[in-house]
Amino acid sequence: MNALLAQAPEEMPRGEVLANDPLWLVLLKVVLLFGFGVLMTLFMIVWERKVVARMQHRSGPNRVGPGGWLQSLADGIKLAFAEEIIPANADKKVYFIAPVISTATAFATFSVIPFAPQVEIFGHTTYLQLIDIPVGVLVVLAASAIGVYGIVLGGWASGSPYPLLGSLRSAAQVISYEIAMGLSLVAVILYAQSLSTGDIVDAQVDGWFAFLLLPSFVIFLISIVGETNRAPFDLPEAESELVGGFHTEYSSLKFALFFLAEYVMIVSLSAFTVTLFLGGYMAPWPLSMIGDGMLNEGWWPFLWFVLKCLVIMFLFIWLRGTLPRFRYDQFMRLGWKVLIPVNLAWIVLIAGIRAIRTDAEVTTNQILIFGGAVIAVIVLLSLLIPEKPAPADDDRVPVTGGDYPVPPLDLEVPKKPKRRAVTGSGERRTTPEIGTEGRKEADDNGNV
Amino acid sequence: MTWLLALILLPLVGAAAVAGLRGNDRLATLTAFGFSLATLLLVVPLWAGYEPAGDRMQQTSSVEWIPQFGIHFAFGIDGIALVMIAVIALLVPLVIGVLGVTDKLPEGRSAGGYLSLLLVQQSLTIGVFAATDVFLFYVLFEVMLIPMYFLIGAYGGPNRQYAAVKFFLYSFLGGLIMLASVIGSYVLAADELGEGTFDWATLVSVVSDAPLGTQVWLFLGFFLAFAVKAPLVPLHTWLPDAAGQAPIGVAVVLVGVLDKVGTFGFLRYCLPMFPAASVELAPLVLTLAVAGVLYGSVLAAGQQDMKRFIAYVSIAHFGFIALGIFAFTTQAQVGSVTYMVNHSLATGMLILVVGMVIARGGSSTISDYGGMAKLTPLLGGMMLLAGLATLALPGTNAFVSEFLVLLGAFESRPVFAVLAVLGMVLAAVYVLWLYQRVMQGPVRGDALVGAGGGPGAVQAPETGARKAIRDTSPRELAVLAPLIVLIIGLGLYPKPVVDVVTPSVEATLSAVQEGDER
Amino acid sequence: MTPEYYLLLSALLFSIGAVGVLVRRNAIVVFMCIELMLNSVNLSLVTFARIEGTLDGQVMAFFVMVVAAAEVVVGLAIIMSIFRTRRSASIDDTNLLKY
Amino acid sequence: MFGAQVTALSPPSVDYTAILPVLIVLGAAAVGVLLEAFVPRNLRWSVQVTVSLVALAGAGIALGAYVPGAPAQGVTTMVDTLAIDAPALFLWGTLLALAFAALLFIAERTVEPGGAFVSQAALRGAAGGGGSVTTGVPGTAGGRAGAAPADGTRGMQTEVFPLTLFALGGMMTFVAANDLLTMFIALEVLSLPLYLMCGLARRRRLLSQESAVKYFLLGAFASAFFLYGVALLYGYAGSVRLGDIATAAAGSDRSDTLLFAGFGLLVVGLLFKGSVGPFHAWTPDVYQGAPTSVTGFMAACTKVAAFGAMLRVLYVGFEGTSWEWRGVLWAVAIVSMAVGAVLGLTQRDVKRMIAYSSIAHAGFLVIGVMTLSDSGLAATMFYLLAYGFTTLAAFAVVSLVRDADGEATDLSSWAGLAKRSPLIAGVFTFLLFALAGIPLTSGFVGKFVVFSAALGEGLAPLVVLALVFSAVAAFFYLRVVVVMYLTEPAAGGASVTVPGAFTTITIAAGTIVTLLLGIYPGFALEWAGAGGFAF
Amino acid sequence: MLEAEPAAAATDVWHFAQEAGVTSSVETYLPLVLLLALSTGFALFSVVIAPLVGPKRYNSAKVEPYECGIEASPQPVVGGGRIPVKFYLTGMLFILFDIEMVFLYPYAVAADSIGLFGFVAVTIFIVAITVPYVYEWARGGLEWD
């Protein structure tokens with residue numbers, strides 16, 4: 001960041017530049033962003049199908065449009081004219097609002113992504129970025145978190161078990177992986193010294209964070225896959241277990257909206273990844289050498305940015321094509337017992353190094369010793385943790401209550417007092433109030 | 001270690017000793033009796049060592065207790081305290097003496113508990129009379145309730161719980177209000193002297209200078225507590241219940257000594273500390289006092305229960321004592337103080353005798369008796385004597401005091417005096433009427449005749465056997481004897497008590513006067 | 001846009017929450033009302049921080065968030081336990097004690 | 001972006017020796033959680049008890065070591081968020097002593113087989129489906145089945161020990177907090193564990209859980225008020241430091257609306273915690289429903305903490321504006337005393353009765369707080385010390401009186417208790433007398449010092465009212481005594497379980513302290529009067 | 001550690017924020033609002049339009065909850081107990097760590113200016129968070145069976 005200030009001392013901060021945008025420009029950007037999202041979605045759907053098909057030695061969609069590239073568009077239009085079915089015992093309002101939430105928030109994530117540095121648009125100098133606020137990263141996190149509401153509410157409002165379970169799963173998994181994701185951001189922020197996406201990109205002029213903070217990068221990748229409910233983490237819509245998952249009961253355009261939201265989310269999170277770890281719009285290393293960074297001027301960076309995004313998106317597709325779906329417990333274990341602890345350890349490590357570097361003048365090997373010590377501590381700590389409590393220990397808190405999957409609701413309870421009353425005659429002499437208390441018990445339980 | 005401290009501690013030791021012997025009633029009684037006799041003996045040097053002409057407080061001793069508030073364990077006696085201490089020291093052994101013969105505890109209760117409580121009561125009461133630190137006085141004043149509460153509540157008659165709780169709450173409330181005044185006087189002193197103290201003498205000197213308004217409030221606080229203790233109408237209602245339900249011995253201590261703490265408090269605290277207020281509020285107090293006299297004697301007429309009867313008569317007498325105290329003349333106050341003593345003796349004896357009657361008849365209802373003197377002439381005589389003493393026949397001790405009170409009251413407050421005389425006459429009449437109803441005439445009444453009576457009740461008068469109801473046993477006579485002696489003796493030669501008391505009373509009065517002149 | 005409006009809004013939210021606590025009978029709803037109150041406080045804290053031109057208020061808002069979160073955890077645990085025991089989250093059904 | 005520009009901040013100075021006791025307690029609590037995780041269950045109880053007690057003792061030693069050398073006017077540390085001054089030290093000592101006794105009481109396992117707290121199996125039943133009656137409410141089901149809990153486990157949930165320590169740590173911070181934010185955090189730190197502890201009773205699960213829910217909802221409600229008060233005061237003074245608020249109020253050029261609205265809301269929160277006056281609604285239910293040991297801990301320590309904080313807030317923050325709010329506190333004090341004394345008369349349940357008595361006592365304490373004088377400060381703190389030990393011991397005794405169905409708290413089953421076990425009855429009578437404020441007990445001295453301070457400040461009418469109400473309250477204490485001594489034992493009444501060593505120590509400690517402070521209060525008064533607040 | 005931050009420095013941060021042009025006023029967020037409005041409008045439009053353009057052929061089987069043809073179980077979530085506690089627990093744990101993040105971000109931003117002290121403080125903070133995490137792990141709170 002200091003580097004940035006050094007190279008461009010007179011440059012106005014992005015915040016002000018963007019604040020100076022005239023309204024028409026803002027509107028233009030908004031429309032463009034929206035279009036970008038939709039286009040990328042349409043493109044990615046087809047691309048995904050083609051790539052996966054290739055991986056499976058099929059040819060994939062090739063009828064509609066040139067090379068079948070309009071397939072997804074056709075599907076969308078078809079969906080628009082499909083009959084929509086609203087389950088009888090759905091909670092109508094929520095049922096309708098859920099897909100809207102998902103979609104809106106998915107698009108909102110684009111707002112803080114810097115697609116390119118200063119460019120000229122119709123003679124007006126600006127950044128290719130909607131807004132640059134000091135808490136840009138949080139906007140993305142917030143949007144992706146709110147997006148979950150769409151899924152949860154949708155599943156809940158369908159009034160049907162499969163969607164409910166699907167939505168619960170997706171909620172659980174999204175929040176679980178959001179932690180991993182958020183924690184891996186800490187490292188980035190620590191090095192960028194800012195929460196603003198623009199500054200984060202600028203901070204990567206001398207080295208992408210993907211190399212500098214490899215562990216964070218890896219964890220981030222894994223967790224965005226979980227965050228987007230994509231294979232191999234697509235448990236909320238695990239066809240084999242939950243039919244369609246949270247959107248089982250959705251049809252026609254509302255289904256399409258969920259679909260759209262999911263893919264827009266993928267696109268935007270890829271863009272986010274690029275911004276955080278892959279140097280954003282900056283030209284990759286060999287190219288950046290050409291003509292002392294002429295490729296980092298004007299509209300070039302937008303190209304690099306899109307390419308990088310495509311790489312990440314291809315990664316998504318690749319994973320789906322390659323990996324089988326996780327079992328839910330494995331998936332949760334990965335999230336809670338691997339990603340989070342590693343992340344914490346990593347944060348402590350780099351924070352320590354950085355703190356020592358800035359605070360006390362120390363040599364590198366001292367840092368290494370310190371880091372080694374920290375790692376050792378973490379390792380020892382993790383050794384302390386038992387992998388699984390011994391089954392003999394009948395003392396562990398039975399958090400799941402052992403009732404998963406769920407028993408039917410209408411299970412007959414109040415038989416108990418009757419049985420007591422029958423046998424009660426024997427016990428009455430000892431404890432007279434048993435029978436009556438037993439009955440009272442039953443209504444204490446809210447007349448089960 | 002002054003005699004006084006010994007006198008306070010000895011009963012406590014006795015209580016501890018007796019409490020040990022729960023199982024063996026007889027041994028417990030003997031031990032307790034021994035201790036109480038020893039206490040009584042200790043009074044002799046105390047009395048002997050007291051020079052009436054000497055300091056206001058004698059036998060003083062003081063130990064620091066709570067330095068932050070200038071509180072001390074300070075004891076000391078003046079004449080008034082001395083005579084009261086003497087009275088309780090005398091009454092307790094007598095009370096213990098009648099235990100088991102006259103006084104039957106409810107079944108299932110051991111004498112040990114009763115006696116130890118009684119001894120604790122004695123020690124606390126002595127402490128209350130002897131305390132010269134206001135805080136200490138308050139503490140003992142309140143703690144004194146607890147043993148009495150248990151004595152009534154655990155060993156009393158059928159309705160004892162109600163009586164005990166009523167007694168406790170009345171006195172406790174009064175005490176708490178007094179606490180406010182105690183603290184108030186302390187705060188006054190603290191503002192005056194810089195650092196606060198509870199020393200009686202100091203407080204008197206400081207508080208008596210306070211402006212009238214303050215004095216009145218503080219006075220009322222003390223007065224209320226004492227008025228509850230020495231039941232002045234309308235705060236008297238606990239006494240008939242308590243005295244009626246308490247066992248005979250406890251009733252003797254209660255009416256004989258405990259209630260005197262109230263009148264004692266008037267003399268020791270209300271008058272010297274708040275002279276102006278006392279003078280200011282004297283009419284009120286006197287009205288209450290006279291009202292008490294009339295009310296007590298009138299209600300006494302209606303009573304069916306002998307103990308309640310005595311209680312009401314005592315209410316009348318207490319009104320009379322208060323009258324004497326607030327008449328602000330030397331005679332009247334000397335009269336009152338001596339009357340406190342004599343009333344204890346006379347009423348104590350009356351209660352004891354009544355107890356003996358009840359023990360024989362198995363009933364405390366007056367109408368259950370009649371012509372008892374025929375069966376028990378001696379007891380009849382005792383009752384007559386006690387009755388005469390209560391109504392202050394010339395020749396009995398009470399006469400002197402009552403005469404002095406009236407004399408004193410007449411010069412200052414003739415109207416009240418006249419009314420009071422009226423009440424006293426009434427009371428006297430009722431006492432005689434009681435005697436007449438119980439003892440005179442043909443033998444009648446369920447207690448003595450027929451099915452209603454106890455195991456030893458006689459059949460109809462014409463069939464002879466009259467053995468069942470015995471006359472007073474030697475032990476009972478022995479118990480009554482000292483009282484008789486004192487009643488007659490002090491009646492003929494009251495000088496010792498009067499001499500001891502007079503200087504203290506004069507000191508009190510002078511304090512009032514100069515306090516009032518300021 | 002003057003900060004006073006934010007203060008008014010937060011006061012309004014707070015009152016809504018308070019009223020909700022008093023009138024609603026479902027434990028979860030009551031609980032949510034309490035959360036509403038806490039968050040309205042956050043709003044006013046941040047507003048005051050803006051007025052004062054210091055960051056203290058915002059820092060406080062952080063702490064309040066933490067506390068609110070802790071309350072959520074504890075509260076959910078308690079409500080859930082009784083809920084599982086008696087199958088109802090209505091305060092009126094908790095009738096063993098006088099409310 | 002911000003960071004690079006800001007000149008490196010100087011780390012705040014922390015006076016570690018001063019706050020060592022708190023650090024020890026909280027650290028021990030954290031350690032306790034880890035122990036829960038790793039110690040095998042059969043050892044857990046003993047290990048936890050040992051650790052907790054050692055921690056408390058250690059904290060006490062640290063405190064004792066610090067006090068002699070402590071600066072007279074106290075120190076404020078951690079950027080003035082904590083003020084360790086004479087009152088704070090006294091209250092810390094009180095809290096530690098009370099907590100030690102309470103912890104022993106909590107750890108008792110012989111009176112209720114396996115301890116008064118829900119056993120693991122019971123928990124599993126409760127957490128698990130809750131489908132059937134028996135697993136849904138194991139405690140109640142067990143409660144019916146006589147002395148032994150139905151689930152048969154002797155295990156007890158040892159989480160209660162760390163919870164207790166956390167609560168204690170919160171209390172200690174609470175009384176030393178020098179700014180309102182810290183105070184709020186401390187308030188939550190002390191409340192949240194208590195909410196949970198209330199719900200852990202082994203017997204009568206429903207009662208216990210309901211009390212927990214009520215306590216939680218009302219408590220959270222109150223703390224929200226407290227917080228809003230903090231916010232308004234921040235808006236008024238631009239700082240939440242009590243001293244700054246005082247200075248801001250002194251130079252009053254700002255809108256007093258913020259000040260007094262904030263103050264009102266703040267005090268409501270505090271009064272709630274102290275179960276004062278009109279904000280007492282939770283007290284009887286929670287006291288009755290919670291496990292008796294927890295109730296004892298709450299009744300003793302929470303009151304100390306709440307009033308300690310109230311003292312600090314009023315003395316440091318709002319002394320200047322006292323004439324504005326005293327009237328309100330007058331009303332509060334009167335209401336509290338009236339409610340406690342009058343409603344107490346109608347109670348048939350001993351625990352509820354003591355709860356109402358605690359409300360009445362809160363009223364007396366408010367009087368002490370209102371004095372705003374050094375003597376009042378000392379008096380109030382002494383009262384807290386005395387009351388804490390008395391009430392703790394009282395609850396410990398209550399936990400001993402049991403019948404087939406667990407604790408027999410209904411008054412009727414106490415009839416003639418003195419016959420069956422004169423000792424316990426005597427102790428309880430003594431404690432009741434102490435609560436009633438009869439001389440030679442700490443309760444009397446407490447009342448005396450508080451009232452004399454109040455009279456010194458010219459609160460005479462309040463004092464008289466207080467005396468009247470304490471006479472009224474004496475009636476229901478006396479009723480218990482009557483029931484125990486003067487009535488014949490009821491058939492199938494309760495009997496007194498022989499207490500284990502722990503409860504015995506608790507009762508003994510409580511009784512001895514009550515007696516000691518009643519007979520020789522000098523030293524405690526001296527310590528309480530050691531000095532004023534630092535800010 | 002944030003509360004340990006002296007007010008003076010806090011104001012520094014504030015002023016710097018001001019002159020750095022980080023005007024966190026409402027206007028700054030206008031574009032975001034616009035974007036949200038656009039996407040919401042689009043979504044709402046399609047939600048509304050769908051029933052109008054689509055065909056309607058009523059069939060009672062269609063509107064039943066889809067459970068692979070088996071007879072439908074009662075309405076979920078009512079009556080309680082249908083949702084495994086596990087999910088609540090995950091939610092609580094999430095809150096725990098979410099709060100941790102909330103504190104780590106400001107630290108990360110200001111890390112360089114508060115240096116070693118800040119690092120120590122945040123380490124203590126992380127450890128404090130880790131304690132209950134370890135507890136839950138060891139007591140099986142993280143097991144999905």
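A nonpolar core is taken here as a set of buried Ala, Val, Leu, Ile, Met, Phe, Trp, Tyr and Cys residues that are joined through C-beta atoms within 7 Å. In this predicted model, the largest such core has 624 residues, and those with the most contacts inside it are B:Ile85, B:Leu323, D:Leu95 and D:Cys301.

- D:Cys301, one of the residues with the most contacts inside the largest nonpolar core, touches D:Leu95, D:Leu98, D:Ala99, D:Ala102, D:Leu168, D:Met171 and D:Gly388 when residues up to four places away in sequence are not counted.
- D:Leu95, which is touched by D:Cys301, is itself named among the residues with the most contacts inside the core.
- The secondary structure of chain A comes to 18 helices and 2 strands, and buried residues make up 48% of its 448 residues.
- Among the contacts in chain A with a separation of 6 or more, 74% are accounted for by residues 24 or more positions apart.

**Two helix pairs**

- In chain A, the axes of helix α3 (residues 23–55) and helix α4 (residues 71–80) come within 8 Å and cross at roughly 110 degrees, which means that α3(A) is roughly perpendicular to α4(A).
- A:Leu42, A:Ile45 and A:Val46 of α3(A) make this contact with A:Gln71, A:Ser72 and A:Leu73 of α4(A), and by class the residues divide into 4 nonpolar, 2 polar and no charged.
- In chain B, the axes of helix α3 (residues 79–98) and helix α15 (residues 330–361) come within 9 Å and cross at roughly 10 degrees, so α3(B) is roughly parallel to α15(B).
- On the side of α3(B), the contact is made by B:Ile80, B:Val83, B:Met84, B:Val87, B:Leu91 and B:Val98, while α15(B) contributes B:Val337, B:Met340, B:Val341, B:Ser344, B:Gly348, B:Leu352 and B:Gly355.
- The contact of α3(B) with α15(B) has 10 nonpolar, 3 polar and no charged residues.

**Chain D against chain B**

- The contact between these chains takes 23 residues from chain D and 22 residues from chain B.
- On the side of chain D that touches chain B, at least two residues each are supplied by α19 (442–456), α20 (460–486) and α22 (522–528) of chain D, with the largest share, 11 residues, coming from α20(D).
- The residues of that side of chain D divide into 17 nonpolar, 5 polar and 1 charged.

**An annotated span in chain B**

- An unreviewed UniProt entry places the feature "domain: NADH:quinone oxidoreductase/Mrp antiporter transmembrane" at residues 131–426 of chain B.
- In the model, the end C-alpha atoms of residues 131–426 of chain B lie 37 Å apart, and the span is 81% helix and 0% strand.

- B:Gln122 has its place in helix α4 (residues 111–130) of chain B and counts as buried because it has 30 C-beta neighbours inside 10 Å, where 20 or more are required.
- Although B:Gln122 and B:Leu12 are 110 residues apart along the chain, their C-alpha atoms are separated by 8.5 Å; leaving aside neighbours within four places in sequence, B:Gln122 is in contact with B:Pro11, B:Thr39, B:Ile88 and B:Val92.
- C:Ser10, in helix α1 (residues 3–23) of chain C, is likewise buried, with 23 other C-beta atoms within 10 Å.
- C:Ser10 is 35 residues from C:Leu45 in sequence and 9.4 Å from it in space, C-alpha to C-alpha, and its contacts, apart from neighbours within four places, are C:Ser40, C:Val41, C:Leu43, C:Ser44 and C:Thr47.

**Backbone geometry in loops**

- Most residues other than glycine have a negative phi, and most peptide bonds are trans.
- The peptide bond from B:Val233 to B:Pro234 is cis, with omega near 5 degrees, and B:Pro234 is in the loop between α9 (212–229) and α10 (238–245) of chain B.
- D:Met78, not a glycine, has a positive phi of about 50 degrees; its place is in the loop between β1 (75–77) and β2 (82–84) of chain D, and it counts as partly exposed, with 19 C-beta neighbours inside 10 Å.
- D:Leu372 also has a positive phi, near 55 degrees, and lies in the loop between α15 (350–370) and α16 (374–398) of chain D, where it is partly exposed, with 16 other C-beta atoms within 10 Å.

Notes. Residues are numbered from 1 along each chain as its sequence is written. Chains are lettered from A and ligands numbered from 1 in the order in which they are written. This is a predicted model: local features need pLDDT of at least 70, side-chain atom pairs count only at pLDDT 80 or more; totals for chains, interfaces and linings use all residues. Axes are lines fitted to C-alpha atoms, for helices over the stretch in contact, and angles run from 0 to 180 degrees between N-to-C directions. Helices (H or I, at least four residues) and strands (E, at least two) are DSSP runs, numbered from the N terminus. Angles under 35 degrees count as roughly parallel, over 145 as roughly antiparallel, 65 to 115 as roughly perpendicular and the rest as oblique. Two residues are in contact if their C-beta atoms, placed from the backbone, lie within 7 Å. Ala, Val, Leu, Ile, Met, Phe, Trp, Tyr, Cys and Pro count as nonpolar, Asp, Glu, Lys and Arg as charged, and the others, Gly among them, as polar. UniProt positions are given in the numbering used here, feature names are shortened, and annotations may be inferred rather than shown by experiment. A residue is buried if 20 or more other C-beta atoms lie within 10 Å of its own, exposed if 12 or fewer, and partly exposed in between; C-beta atoms are placed from the backbone.
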